Amino acid sequence: GALTPAQRVEPGPGAAAEVQAFLDAVLAAGHEGVMCKRLDSAYSAGQRGAAWLKLKPAKTLDLVVIAVEQGSGRRSQWLSNLHLAARDETSDPSAEPRWVMLGKTFKGMTDELLAWQTRELSQREVRREGHVVHVRPELVVEIAFQELEASPRYPGGVALRFARVKGYRPDKSPAEADTLSTVLALFEGQR
């Protein structure tokens, strides 16, 4: 059937399946997601507030942290903005792996995670350039993102859009991180 602008889903058995079916139909119709709201919340033009929640699918990649920036403002005591890279599997296998930067993110991190990554990345510091701390590429992090976009700024020609940290992957080594070929295939699949 046709999609209605508003659909009410009552909590209970089958609600998750009903929401998933509606989301699938919305995405198939070309929309980027759905808005969910508390029924008693008022509409306020240009503002969502805590009672409104945007739901849209996210893809994930396991990437390697190659550098991090000293935080600012509330995060000034921590290393915050991660520089994320995929492994270039086309480089010489006998040489050190080549890491291709895909973007940065400071989103999705709790204070506890910021404190942990500051300790871990400080131990891996190789050199500093201003506020950027270059680190040994040893930590793999799962990154959720909305999409990839063409980018002349990054050497792989693509960049992450709306990237956020889902969590570190202690179960993965850098050799198991996603490759540049995987990233480029995802980018081509978006078109």
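The mean positions of the 25 positive and 24 negative charges of the protein lie 6 Å apart, where Lys and Arg count as positive, Asp and Glu as negative, and His and the chain ends are not counted. Each charge is placed at NZ of Lys, CZ of Arg, CG of Asp or CD of Glu. The structure is a predicted model, in which local features need pLDDT of at least 70 and side-chain atom pairs count only at pLDDT 80 or more, while totals for chains, interfaces and linings use all residues. Residues are numbered from 1 along each chain as its sequence is written, and side-chain values use heavy atoms, with hydrogens and water left out.

The overall picture comes next. The protein has three helices and eleven strands; helices (H or I, at least four residues) and strands (E, at least two) are DSSP runs, numbered from the N terminus. Read from the N terminus on, the order of elements is α-β-β-β-β-β-α-β-β-β-β-β-β-α. Along the principal axes, the C-alpha atoms fill a box of roughly 55 × 40 × 35 Å. The protein exposes about 11400 Å², with carbon and sulfur atoms supplying 53% of that area; accessible areas come from the Shrake-Rupley method with a 1.4 Å probe, and for residues only the protein chains shown count as cover. Of the 191 residues, 39% count as buried, where buried means under 20% relative accessible area, exposed over 50%, and partly exposed in between (1.4 Å probe, protein chains only). Contacts, defined by heavy atoms within 4.5 Å, also tell something about the chain. Among those between residues at least 6 apart in sequence, 56% join residues at least 24 apart.

Beyond its neighbours within four places in sequence, Trp-78 touches Glu-69, Gln-70, Gly-71, Asp-111, Leu-114, Ala-115 and Thr-118. Trp-78 is buried, at a relative accessible area of 12%. His-131 is 53 residues away from Trp-78 along the chain, yet their C-alpha atoms are separated by 11 Å.

Salt bridges were searched for over the whole structure, and 13 were found; the criterion is a side-chain nitrogen of Lys or Arg within 4 Å of a carboxyl oxygen of Asp or Glu. Another pairs Asp-62 with Lys-172, with the closest N and O atoms 2.7 Å apart. This pair links distant parts of the chain, as Asp-62 is in strand β3 and Lys-172 in the loop between β11 and α3 (180-190), 110 residues apart. Asp-62 is buried, with a relative accessible area of 7%, whereas Lys-172 is partly exposed at 25%.

Arg-136 and Glu-138 form a further salt bridge, their closest N and O atoms being 2.8 Å apart. Arg-136 counts as partly exposed at 36% relative accessibility, and Glu-138 is likewise partly exposed at 34%. Elsewhere, salt bridges that share partners join Asp-62, Arg-169, Asp-171 and Lys-172 into one network.

Two single residues complete the description. Arg-127, in strand β6, counts as partly exposed at 41% relative accessibility. Leaving aside its neighbours within four places in sequence, Arg-127 is in contact with Val-132, Val-133 and His-134. Ala-67 lies 60 residues from Arg-127 in sequence and 9.5 Å from it in space, C-alpha to C-alpha. Ser-41 sits in the loop between β1 (34-37) and β2 (52-55) and is buried, with a relative accessible area of 12%. Apart from neighbours within four places in sequence, the contacts of Ser-41 are with Ala-51 and Trp-52.
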